[in-house]
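Here is a short report on one protein model. Look through the structure first, then read on.

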Amino acid sequence: MEALETKKLECDKYLDQEMEKIWELSKYIHANPELHFEEYKACESQCKFMSQYGFEVEKGVGTLDTAFVASFSTDREGPTIAFVSEYDALPIGHACGHNLISCSSLGAAIETKKYMEDSKIPGTIKVIGTPAEEEGNGKIILLDNGVFDGVDAVLMMHPTSDTTRLAGACLSSKEYKVRFHGKPAHAQSHPDNGANALSAAALFLTATGMLRQHFKADWRLGCIVTNGGSSQILVPEESAVEGLMSCFSFKELNIIAERVEQCAYGCAQAMGCTAEIEIKDGAQGRIPNQILSDVCRAEFEKLGEPLMDGMPIDFGGEDLGNVSRKIPICNPFMTIFPDYKISNHTIQFRDLAVSEAGYHCIEQSSKAMARTAIELLNHPEIMEEAKKELAKRLENE
């Protein structure tokens, strides 16, 4: 036990030596924000980085141009552990800190590789580069195309505020699109000849807004108008609304969907229009894993990081949830603003993601995830127990 801890400390020191290179890459990704499925600079820079550290890199995996897998294996067979990298941005830039997510996974991978080479322990580690988390659900596409096949455990950090925590459950979601069809007419001289599709959309927004009074505490519903007509002098013939509904329960998510659908058809009929609605599954809620999280918690504690108790739930959603239903995951949320809770997807969070706090976030989470992976490589039976826990949790869904 003491010998293993000594080797972990040696690997931590190795990461310290490489941190400036990792931080430069993080700053580059932050300075070059790219939206979903367009993350060419972020993908290319990470692939180049991992190649320089002796990883075998495959680009364009799972049908996605900006996805990649960087792998390292020892000569002997053993378990496979994946670190997940995210690197898409929001329209306001890296306001969710994906530059930190990606680089913490790279840091964890090179530290784990150092240990594997020194100890000759059997196994494989991968960094799986996953585009389009904010919009597009890239991990679901990669999962469906077999990119995660053969992985025994998944590790990914997400930056947060307040106190660092090991993530619990999060929301499942469905996406919806409503198209309203009316009848065009001259908006000034003959409005009586028209049926206003935009009015149907406005009524739909009102109806779904009033519906929220009857929502349970964890139910969420939001939308934007994506088409409001073509000209102010025409009664709008077409309008469109797109949105997201979410909650913790799959069964209750279907109840929300049914009510939204009823609102769409009812509002269309009230305005003399017709409606068509498309509802599809979005990201599924995260299935936490106590066994893996306990291992990671112990490593964060050794690094002196304050932690929340348990595995707190959160009201976000992410496509890692779909992965968590197939493979046990460990998902630490590392703080970049410990004073109190603030919102990500904001300018404040974006700026923090390239501050000294961001550097500390990468350093601490890289070490904690690498140390967790080292424990799992030395004790693969932990991953077998984690798989049993996952199966039991899914039974109770």
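## Ground rules

A residue is buried when its relative accessible area is under 20%, exposed when over 50%, and partly exposed in between (1.4 Å probe, protein chains only). This is a predicted model, where local features need pLDDT of at least 70, side-chain atom pairs count only at pLDDT 80 or more, and totals for chains, interfaces and linings use all residues. Residues are numbered from 1 along each chain as its sequence is written, and side-chain values use heavy atoms, with hydrogens and water left out.

## Cysteines without bonds

Cys 43 is buried, at 5% relative accessibility. Cys 361 is buried too, at 0%. How many disulfides does a search of the whole structure find? It finds zero. A disulfide here is a pair of cysteine sulfur atoms within 2.5 Å.

Strands (E, at least two residues) and helices (H or I, at least four) are DSSP runs, numbered from the N terminus. Two strands pair if DSSP finds at least two bridges between them. Strands of a sheet pair through backbone hydrogen bonds, either parallel or antiparallel.

Four strands make an open, antiparallel sheet in the order E9-E10-E8-E11. Strand E9 (220–227) and strand E11 (274–281) are at the edges, each with a single partner strand, so one side of each has no neighbour in the sheet. From one strand to the next, the twist averages 20°. That angle is taken between axes, which are lines fitted to C-alpha atoms (for helices over the stretch in contact), and runs from 0 to 180 degrees between N-to-C directions.

Inside this order, E8 (residues 172–181) and E10 (residues 238–247) run antiparallel and are joined by 10 bridges. Glu 175 has Leu 244 in E10 as its bridge partner.

Strand E13 covers residues 332–335. Pro 332 and Met 334 point one way, Phe 333 and Thr 335 the other, and all are buried.

E13 pairs with E6 (residues 158–160) in the parallel sense, over three bridges. There, Pro 159 stands opposite Met 334. E13 also pairs with E7 (residues 165–166), in the antiparallel sense, over two bridges. Arg 165 has Phe 333 as its bridge partner in E13.
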